[in-house]
Every structure is written in structure tokens, then in C-alpha cells.
Amino acid sequence: MADASVGGMDAAPIGGAHDAELYHPRSWVTKYVFSQDAKVIAIQYSVTALTIGLVALVLSWLMRLQLAFPGCFDFITAESYYQYITMHGMSMVVYVLTALFLGGFGNYLIPLMVGARDMVFPYANMLSYWIYLLAVIVLAATFFVPGGPTGAGWTLYPPQAIMSGTPGRDWGIVLMLVSLMLFIAGFTMGGLNYVVTVLQGRARGMTLMRLPLTVWGILTATVMALLAFPALFVGAVMMLFDRLLGTSFFMPAIVEAGTHLRHGGGSPILWQHLFWFFGHPEVYIVALPAFGIVSDLISTHARKNIFGYRMMVWAIVVIGALSFAVWGHHMYVSGMNPTFGFFFATTTLIIAVPTAIKVYNWVLTLWRGDIHLTVPMLFALGFIVTFVNGGLTGLFLGNVVVDVPLSGTMFVVAHFHMVMGVAPILVVFGGIYHWYPKVTGRMTNDVLGKLHFWVTFLGAYAIFFPMHYLGLMGVPRRYYELGEMAFVPPSAATLNVFITVAALVVGVAQLVFVFNLVWSLFRGTPAGGNPWRATTLEWQTPQTPPAHGNWGGSLPVVYRWAYDYSVPGADQDFLPQNQPPAARTVPA
Amino acid sequence: MPVALVLVAVALGSVLFHVLSPWWFTPIASNWQYIDGTIIVTFWITGIAFTAVVLFMAYCILRFRHQDGRRAAYEPESKRLEWWLGAITAVGVAAMLAPGLAVWGQFVTVPSGASEFEAVGQQWQWSFRLPGPGGRLGTSDARFISAENPLGLNPGDPNGRDNVLIVADDLHLPVGRPVKALLRSVDVVHNFYVPEFRAKMDLMPGLVSYFWFTPTRIGTFEILCAGFCGVGHPQMRGNIVIEPEADYRAWLQKQQSFAQSSPQGQASNAR
């Protein structure tokens with residue numbers, strides 16, 4: 001069944017990058033702080049992003065406390081509540097998930113998986129991290145400026161975002177926009193690196209159709225981000241001008257509390273188009289790397305080739321392309337011409353087909369596999385459940401007329417948390433447990449890992465599954481307090497308490513994860529070079545953790561695709577990508 | 001074994017929650033029962049897909065869990081299977097999209113006999129305007145807003161003189177008659193949302209948006225703002241009273257027109 005057209009197993013290695021001159025660090029500072037080694041940059045990105053993630057987690061606790069026990073916490077005012085939701089959302093989507101998948105996993109895995117010594121532009125790569133860090137510092141600074149951070153909601157809809165009825169109108173929104181612009185500038189430096197490295201830095205024999213799906217996911221997501229983020233960038237520039245210079249890009253004639261503002265002629269809906277032209281691809285910028293990573297986790301831990309590799313690659317590319325034609329589904333009830341609804345509903349539901357094929361191929365990879373229920377595998381399984389659940393509720397919201405009653409309700413909150421919150425974060429965890437042995441040379445603790453998985457997976461499901469039904473009932477989102485609503489039965493308050501308790505428990509479980517990472521760094525069992533017996537190149541490095549330059553004396557040569565698990569007739573149940581087809585050339 | 005069991009519990013538990021939990025649509029009070037129908041079709045299709053995928057995973061884990069000597073099958077792809085699954089998915093998607101688009105076609109087509117009313121949003125209250133005996137709403141712009149002209153009617157437009165203004169009070173509508181809601185905001189984005197009507201739409205400053213519905217049930221319904229509009233967002237409530245035609249007429253008689261309530265309206269009257 002060794003289909004040569006799939007793996008190109010027997011093809012002679014051709015092409016590939018020439019060995020490159022590396023920048024060598026001369027001091028501790030250039031080795032560990034201002035490092036140009038993608039692996040160090042990856043760790044810097046990941047630690048920074050996970051730290052913000054913990055802040056965003058605490059913010060989510062605060063808002064859940066308010067929703068379950070309104071009026072019990074004096075320090076949670078309406079202003080601060082809206083600041084929490086805004087900072088939680090923006091932090092998680094941009095500064096945590098985008099940074100983790102592309103800056104973290106991308107930096108660590110791309111050079112190793114394609115067989116390069118480093119990113120092709122190491123200096124720009126280093127700058128990318130430091131500009132990202134600056135963006136994070138500016139974002140964090142908004143907590144300490146007069147008026148605090150912006151409370152405009154993560155979508156920052158004008159005119160409200162720059163008017164005085166919204167918290168953080170003075171400083172918060174300005175710094176938020178500046179921080180986003182910095183993030184985009186920093187990301188562009190990293191993003192160009194990832195794309196060029198994948199296209200130009202591959203080892204001899206590493207054809208595009210032999211790339212692990214992790215690399216395909218990250219590559220496609222990066223191309224998308226390079227195309228989508230500029231829309232947000234120009235939107236941010238325009239809104240800064242509106243706020244600081246008095247222009248009216250997004251500001252029509254407005255009367256605020258009886259006073260005519262000095263604006264006129266602008267269009268708030270223009271911001272929504274720009275924002276969602278970025279915002280919808282952003283969902284897939286987070287999802288596609290997760291798709292790629294989870295494919296590799298499932299294949300490795302089920303000891304079976306990923307099912308339908310070529311279809312998986314095409315699905316990633318098609319989803320990436322289609323996601324630029326669906327942004328209007330965030331605006332069905334915005335007052336844009338309603339006939340757009342026919343177009344955007346159709347494009348949105350078409351995306352379900354390649355996405356469903358990916359899901360089928362994941363579960364068909366499990367079928368007739370040799371399933372090892374390791375911690376990374378458990379997280380991958382949790383991903384499939386939550387992603388399928390969240391993806392299917394997307395069929396409600398994408399189908400324009402069904403979106404009408406549900407938009408703006410807790411159903412939307414439940415949907416996007418399940419599909420682009422919980423599901424990708426489970427992949428982040430799975431990926432960290434999977435590659436931690438390569439990064440540190442030590443295994444994480446299995447018992448703690450399983451505890452972390454079960455509480456996080458079941459807890460997160462218990463938070464977000466019932467939440468859909470609040471929205472179905474009509475409970476609106478972004479309400480500091482529900483107050484009296486005739487159509488909301490008292491039992492909804494009980495459900496809110498249940499959700500909050502689950503959120504607190506899931507939050508505490510993340511301390512188990514942090515403890516596991518730190519403890520295993522010193523006490524973990526030594527991992528060896530390839531503890532999961534995986535095929536991809538990062539597990540075949542001469543040293544673990546890989547040294548600067550990754551490959552020692554000579555670059556690897558690739559002879560096969562990334563998924564030669566359980567090949568009939570082979571001695572062991574995996575054949576590394578750089579293993580020559582020697583056994584097959586020896587005459588019987 | 002335990003992992004497979006938990007997955008089965010997640011799948012069946014979700015279905016049971018859906019069937020048994022007390023949380024469901026609030027009873028409908030408009031003509032948009034088609035929307036509820038489309039949602040129920042979607043629940044069936046997605047529910048079957050979710051349960052099938054999770055149960056299949058549980059089966060695989062039970063059946064193909066690692067044991068000594070087990071070796072996975074080597075099967076790079078099966079075009080036939082992939083195309084079949086893709087085709088079945090496409091059918092399922094079409095089964096949701098087709099009724100969805102058909103209902104959307106109705107949603108965007110306002111019946112010719114529909115009467116009009118206007119809802120005006122501002123931080124953080126609702127106001128309304130109804131056509132007077134002349135039957136037309138006059139033009140408006142946020143620029144015209146003043147203490148005497150809180151909804152910004154165009155003083156030069158004679159069509160506005162007889163318009164009935166309801167500032168920060170309840171709106172009444174007759175039962176069983178289709179209405180077109182024209183939506184306008186004088187400051188930020190709001191959203192006109194009555195859960196019992198199912199339909200909702202943003203009030204986008206700078207333009208007039210619309211949707212239509214036919215109230216089918218007598219009663220008082222709460223209007224919520226479903227578009228985040230600043231710190232007072234949760235307090236932005238209003239009421240809409242659906243009543244028999246005769247009661248509605250009696251109520252309408254008691255309301256003041258633009259000309260009656262504002263010197264600006266009179267000025268335009270005199271012209």
C-alpha cells in the first residue's frame with residue numbers, strides 16, 4: 001500500500017537548501033536574551049504568551065464571578081466588567097493564541113521540521129519577538145493609565161469605542177490601538193520569516209508534499225495573517241486619527257448627551273468591514289496551526305499515517321482561501337445591505353465541507369490504529385470533541401436567518417469559545433506535552449498531565465455546552481447584569497452559578513500545568529532524543545535539546561513523507577523521514 | 001476503557017441535556033416561526049453529526065487501543081471514502097442552507113401592506129416615531145437634534161409635522177398586522193431586540209436600517225439592546241405593547257405629534 005504518489009517514498013532526494021552561515025552568539029546576553037536562535041525566540045514567545053494567558057484567565061474569573069453573583073463584589077463595577085471582557089478577548093485572540101501558534105510553535109518547529117538550521121532572517125526574527133514584547137507591555141500599561149484599559153469590547157466598534165460612554169476612552173483605546181499596530185509590525189517580521197523559511201529553507205528531499213501537516217497549518221495561517229492583519233492596521237490608524245486628530249473616518253454626525261460632536265460623514269460600518277476582514281481569517285489563523293499540530297499528534301500516538309494526507313493539505317489551503325470571503329457573517333444584523341446575507345451564508349456553509357473532511361480524516365486515522373492514550377493524544381481527542389461541537393454551532397450562526405435570533409446572545413459566546421478558545425488551547429496543551437521532551441530533554445509528569453487534561457476538558461465542556469442554551473433562550477451577551485427579564489426563568493441564575501464554579505475549577509487546574517512544566521524541568525525523567533518514536537525531523541536531531549544550528553555537522557536528507565508509521569515489512573513501527581530506503585534496495 | 005466511556009457519556013449527556021434541560025426558546029410572538037423551524041432542522045442535523053463522530057471515536061479507542069503485538073494498518077488514503085464522506089456532508093449542509101436562504105428571502109422582502117414605525121436609539125434609551133394621518137415619516141438627521149427636537153426631525157419636511165413622537169416611553173402596535181421597523185441611532189451602534197419576535201437588527205449611526213415582522217400575540221414585550229453601546233448597555237430597555245386594533249387606535253389618539261409637541265414642528269407647520 002506504499003503509494004509513491006502520496007509519500008514519494010522512493011523518489012531520490014533532490015533540490016533543497018544549501019548549508020548556511022550562522023550567526024553565532026558571543027555572550028550570555030546574545031545567547032539567551034537578544035537571541036537570534038529560533039528555538040530561544042520560540043520559548044520567549046511562548047512564555048510571554050502563556051503569562052498573558054494567565055492574566056486573561058484571571059479576568060475571565062472576575063467576569064464569571066460578576067455574572068454568577070451580581071452585586072456581591074464591590075470592585076467589579078460596570079466599567080471594570082467591560083474592561084475585563086475587552087482585555088480578556090483581545091489578549092486571548094491576538095496576544096496569546098496568535099503569538100503562541102505562530103511565534104511559539106512556528107519558531108520552534110518550522111526550522112526543525114523542514115530540516116533548516118534556523119529561520120532565514122534570524123535578526124528580523126529576533127526583532128519580531130522584541131516588538132511583540134513591546135506591544136504586550138503597551139497593552140499591559142493600559143491597566144495603569146488614568147481611566148484604565150478600554151472597555152469597548154474586543155471588536156472595538158466605533159463610535160462607542162472613542163466616546164465617553166465607554167470606559168478607557170481617554171488613554172485605554174489609544175494604547176490598545178498602538179499596541180495592535182506594534183503587534184502587527186512585529187508579527188510581519190516573524191511571518192515573512194516563517195513563509196520564506198518553509199519555501200526556501202527546506203532540506204534536500206523535503207518536498208512540499210512531504211511536509212508534516214503542522215508546517216502546512218502554520219505556513220497557511222502565516223500567509224493568511226500577512227494578508228489579513230493589514231486591514232486591522234489601517235483600521236487602527238484611522239480610528240487613532242478619529243480619536244486624536246478629530247477626523248471622521250468612522251464617525252457620522254453624532255449627538256452625545258445633547259451635545260453635537262465635531263464629527264460627520266464617516267461610516268461606523270466601514271470599521272466593521274475592516275475589522276472582520278481581519279477578524280474572520282484570524283479565526284483560521286488560530287485554527288489552521290491547531291489543525292496541523294493535532295494531525296501530527298494523532299498520527300504519532302496512534303502509530304498510523306494520517307489518513308488522506310493530500311486531502312488534508314488541500315483542505316487547509318481551501319479553508320484558508322475561503323475564509324477571506326466570509327467576513328460578512330459577523331455583520332448579518334449590522335444594517336449592511338441584507339442581500340449580502342445570501343452570499344455570505346453560502347460561502348460560510350461551504351467551508352463546513354473541507355472542515356468536516358479534516359474531522360473525518362482525524363477519526364479515520366484512529367480507526368485500525370494502535371492507539372496510545374498518552375497525554376498529548378488525550379488532548380488531541382479532547383480537541384476533536386470540542387472542535388466538532390463548536391464547528392457545528394457555527395452552522396447555526398453562519399446560516400444567516402438562524403443567526404438573526406442568536407446573534408448578540410450567549411450562544412455566540414459559547415460557540416466561539418468552544419471552537420476557537422477551548423479547542424485550539426487543548427491543542428496548545430497537547431503540543432506542549434508532546435514537544436516538551438524535545439525542548440527540555442525531559443518528560444513531563446504523566447499523572448499531573450492526565451489530571452490537567454480531564455479537569456480542563458470536562459470542565460471547559462461543562463462551561464460552554466450549557467451556555468448555548470442561555471443564548472437560545474435569548475440572554476444577551478455583554479450584559480454586566482441581567483436584571484429582571486420576563487423571559488428568563490430563575491433557573492438561568494442557577495446555571496450561571498454552575499458555569500462560574502466550573503470556570504474557577506478549570507482555572508485552578510492550569511496551576512497543575514504550570515507546576516508540571518516547572519517541576520519536570522528539574523525532575524522529569526530524561527527523555528532521550530525521540531521518546532514518542534516519531535518520524536518527523538525534529539526528533540532526529542543529534543542533540544536533545546537541539547543545539548544552535550540544529551543538525552551538527554551536516555543537514556539531514558529526506559527520503560520519505562512524514563507519516564511512515566507501521567509500514568508493512570519494516571522492523572519498527574516508524575521510519576524517520578531521513579532514513580534512506582536501504583532495506584528496499586537490498587535484493588532479497 | 002474509561003476514556004471511551006467518558007466520550008460516550010459526553011455524547012449521550014449532551015443529547016440528554018438538550019432534551020431534558022428547561023432552557024429553550026421563549027414562546028414566539030411573531031410570524032418568524034420559520035426561523036425556529038430552521039433552527040430545529042439544524043439541531044437535528046448537527047446533533048446527529050456530533051453524536052456519530054464522538055461515538056465513532058469512542059469505538060475506535062475501545063477497539064484499537066494499544067496492546068502488545070498490535071500494529072496499526074497502513075492506509076495512506078481512500079479517495080472513494082473521502083469523496084463519499086464529503087458528498088454526504090455537502091448534502092447535510094445543503095439541507096440546512098436551502099431552508100435558511102428561503103426564509104432569509106422572506107426576511108428581506110417587506111410585504112407591501114406593512115405599516116412603518118421608527119425606533120431611535122440613544123445612550124441609553126429607546127424612542128419611537130409613528131406616521132400620522134398623512135401616513136409618511138418625515139426625513140431626519142442627527143444634525144437637527146436639539147432640546148425641542150429630540151429625535152432630529154427635519155423641520156423643513158412637511159411629512160414630519162404629523163409624525164407621532166414617543167420619547168422614552170412604551171411603543172404600542174396592533175396585533176396581526178405586518179410592520180416594518182426603521183432603525184436609527186443618534187450616537188453609537190445599538191440593536192433592537194425583542195426575544196419573542198426572534199428578529200433583530202442593529203441601529204447603525206449614519207444610516208437607517210430595517211426589518212419587518214408581524215406581531216401575533218397580545219401582550220407587553222421587553223425591548224433589549226443587543227449591540228454593546230457603553231456602560232449603560234444592560235439598562236437600555238423599552239417596552240412594546242401588542243394590542244387589538246381598537247385599543248391601539250385609542251392609544252394613538254392620545255399621543256402628541258411633532259407639531260403639537262415642538263415649536264420647530266409648528267414652525268414647519270406654519271410654512
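**Strand pairing and chain contact in chain B**

In chain B, β5 and strand β8 (residues 209-213) pair in the antiparallel sense over 5 bridges; two strands count as paired if DSSP finds at least two bridges between them. Helices (H or I, at least four residues) and strands (E, at least two) are DSSP runs, numbered from the N terminus. The model is predicted: local features need pLDDT of at least 70 and side-chain atom pairs count only at pLDDT 80 or more, whereas totals for chains, interfaces and linings use all residues. Residues are numbered from 1 along each chain as its sequence is written, and chains are lettered from A and ligands numbered from 1 in the order in which they are written.

Within the pairing of β5(B) with β8(B), B:Val179 stands opposite B:Phe213 of β8(B). Strand β5(B) also pairs with strand β1 (residues 115-122) of chain B, in the parallel sense and over 7 bridges. B:Ser185 of β5(B) is the bridge partner of B:Gly121. Strand β5(B), residues 179-185, is mostly covered, with 5 of its 7 residues buried; a residue is buried if 20 or more other C-beta atoms, placed from the backbone, lie within 10 Å of its own, exposed if 12 or fewer, and partly exposed in between.

These pairings belong to an open sheet of 5 strands in chain B, ordered β3-β2-β1-β5-β8, with mixed pairing. Because β3 (164-167) and β8 of chain B stand at the edges with a single partner strand each, one side of each is left without a neighbour in the sheet. The twist from one strand to the next averages 20°, with axes fitted as lines to C-alpha atoms and angles running from 0 to 180 degrees between N-to-C directions.

Chain B as a whole holds 6 helices and 10 strands. Its C-alpha trace spans about 95 × 35 × 35 Å along the principal axes. Of the 271 residues of chain B, 43% count as buried.

The contact between the chains takes 83 residues from chain B and 99 residues from chain A, two residues being in contact if their C-beta atoms, placed from the backbone, lie within 7 Å. Elements of chain B that give two or more residues to the side touching chain A include α1 (2-20), α2 (33-64) and α3 (79-108), as well as β9 (219-225).
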